[in-house]
Amino acid sequence: MIELIKKHWITTLGILFLFSSFTYFLKIVFENNWFPAELRVLSGFTIGLTLLFAGFSYYRKNQLNTCQLLTGTGMSVVYATFSYVAFSTSLNWPYNITFISVLSLTALTTFLSYRYHLRGLIFISIMGGLLSPLFMKAEPHHDWLLFAYVLILNVGALYVSISKRWIELRAMAFAITVLIYATYFIYFEPLTWGRPFFYAASFFATYMGGIIYASYCEKDRFTGWNLYISLINAMLFIFWSIYILGSFEITFTLPLLIVGLGFMATSAFIYYLSDKKPFPAIIYTCLGLLLFAISASNIQPMSIYGLEYVATTLLWLLVVISTYSIGRFTKTFELIYVSYAAWLMLIIYWFTVAWDVKWIELLGIKYLPFLNAGALTWMALAAFGFYGSKMEQAKSPNLSTLMAIAANIIVAGLVTIQIKNLWTAYDITFMSRALAISISYIVYALLIFAWGAHTRAAAFRAMGSLVLILTTAKVFFWDIAGDASISKMLFLSIIGLLTLGIARINKYWLDKEKAEAEAIADQHRPETE
């Protein structure tokens, strides 16, 4: 492709200047009404057909370069005439006639170039056809026709460029189409966001699918020019989405989130198509993560107060998990540690806002503890911490302990919030909320001691002891203050039984450590006869 550009770029530039000059001449003629509209259209078709027949005559003489130059220019003139017919305010041709005409001309162009290997013919034709709407200046009410016109030419260019592996054709069509879209977004003022966003999404999807298929057919392992065009395509769509939706004060979170998920799915697809080469898949995964990050940072307040915090936290957690997965997959430990740090910062964010998240009534049930958006967020954060702690247990015991402690703190917050909301939702009076929270903390301390006994980490004994001491202080100085009651008696009984359970686990833990220490000492004691 580089050699082809070096050889023909000056010729292409000259043709571009000549075509631009001819198109501007037509525009001056049209704007000054030098000839009747019907005569202008007839002149355009006549010039185009004349060039086509002249090119055919050179083809019979086997002079392919001159043939492609004349025929491509003739096709461009016909495209320019169709553009005038389509976007002129004086002729008002029916859209379906223009659509069928452009479709037929593109089909003819693609057939001739494909059948007879005329690389220059389709390049000049598509270039002239795409440039024509820029010179003719389509009006805002022509947006549907302009979109269909551009889409037809791009599909034809993609088909031939993929079939013949003519990369310069798709690069040229992509670049000019970007220019058309930029002109559309700058000079048109749509009343709603739906149509311009649909145009941008269609352009993005067309080239994303086309480039992926081209990379597969060309066996370039999704690198090189195809990767470059796909990255530009993705960045343009991100920019256009923000620009379009921002102009209408509409959050672009959901569309970008959908595209981000599409990138993640595409990365898995590319990974298997490229014989499990990680580089191109990682590029698309990073793009997906970028979109998730942009989406998470721009979530607007929702009708149910606090749900925006849930959505933001879950999106960022998805970014954290994806970063961690990439680090594990590529054995890039820096990414793994970055994901851990991001997780800790996300916990701090969640703790500052989680207490205000409201619940949603489901199936007529006012509140379902542990089965609501907030609880699921708590559990997802804790699950990542416990999983990371387990993975780091052998290699980094201190880091493993830190993550497990953080995950246990999340569990404590989860239990506290669920009891608080449960008592608020159903106005429970048979036991105070403070007593219920204290019981849950004792159960929590019991679980910490059990986890410590399982993992043999002394830090959990310290953490469990701290929770037990603080909860005991809360019980005696806060919970049972005031008059005696049956509920307080039952509460103290439950607390006592749970504490005995903790003591049992702690004794088992200490006895096991003592036995192991004695066994080690026996191994090192010198033998005596």
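**Figure 1. Accessible surface and overall make-up of the protein chain.** The accessible surface of the protein chain in this predicted model comes to about 27600 Å². Carbon and sulfur atoms account for 69% of that surface. The chain contains 18 helices and zero strands. Of its 529 residues, 46% are buried. Among contacts between residues at least 6 apart in sequence, 72% join residues at least 24 apart.

**Figure 2. A nonpolar patch on the surface.** The patch is formed by F56, Y59, L64, L108, F111 and Y116. Together these residues have about 550 Å² of accessible area. Helices α2 and α4 each supply at least two residues of the patch. Helix α4 gives the most, with three residues. Y116 lies in helix α4 and is partly exposed, at 35% relative accessibility.

**Figure 3. The salt bridge between E168 and R119.** A search of the whole structure finds three salt bridges, and this view shows the one in which the side chains of E168 and R119 meet, at 2.8 Å from N to O. E168 lies in helix α7 (residues 167–187) and R119 in helix α5 (residues 119–136), so the pair ties together parts that are 49 residues apart in sequence. E168 counts as buried because its relative accessibility is 9%, under the 20% limit for buried residues. R119, at 30% relative accessibility, counts as partly exposed. Side chains of opposite charge can pair when their charged atoms come close.

**Figure 4. The salt bridge between D143 and R195.** The closest N and O atoms of D143 and R195 are 2.9 Å apart. D143 is buried, at 8% relative accessibility. R195 is partly exposed, with a relative accessible area of 33%.

**Figure 5. The salt bridge between E392 and R328.** The side chains of E392 and R328 meet at 3.1 Å, N to O. The pair links distant parts of the chain, with E392 in helix α14 (residues 373–392) and R328 in helix α12 (residues 307–330), 64 residues apart. E392 has a relative accessible area of 3% and is therefore buried. R328 counts as partly exposed, at 28% relative accessibility.

**Figure 6. T106 and the residues it touches.** T106 is placed in helix α4 (residues 95–116). Leaving aside residues up to four places away in sequence, T106 touches Y79, I152, L153 and G156. With a relative accessible area of 4%, T106 is buried. Helix α4 also holds Y116, which is partly exposed at 35% relative accessibility.

**Figure 7. S438 in helix α16, shown with L468.** S438 is found in helix α16, which covers residues 433–455. The relative accessible area of S438 is 0%, so this residue is buried. S438 and L468 are 30 residues apart in sequence, and their C-alpha atoms are 9.7 Å apart in space.

**Figure 8. N62, a residue with positive phi in the loop between α2 and α3.** N62 has a phi of about 65° although it is not a glycine. Most residues other than glycine have a negative phi. The loop that holds N62 runs between α2 (37–60) and α3 (64–87). N62 counts as exposed because its relative accessibility is 61%, over the 50% limit for exposed residues.

**Figure 9. R165, a residue with positive phi in the loop between α6 and α7.** R165 has a phi of about 60° and is not a glycine. The residue is found in the loop between α6 and α7. R165 is partly exposed, with a relative accessible area of 47%.

Methods
Residues numbered from 1 in each chain as written. Predicted model: local features only at pLDDT ≥ 70, side-chain atom pairs only at ≥ 80, totals over all residues. Heavy atoms only, no water. Salt bridge = Lys/Arg side-chain N within 4 Å of Asp/Glu carboxyl O. Helix = DSSP H or I, 4+ residues; strand = E, 2+ residues; numbered from the N terminus. Buried < 20%, exposed > 50% of the residue type's maximum accessible area, 1.4 Å probe, protein only. Contact = heavy atoms within 4.5 Å. Areas by Shrake-Rupley, 256 points an atom, 1.4 Å probe, with all protein chains shown as cover. Patch = residues over 30% accessible without salt bridge, like charges linked within 9 Å, V, L, I, M, F, W, Y side chains within 5 Å.
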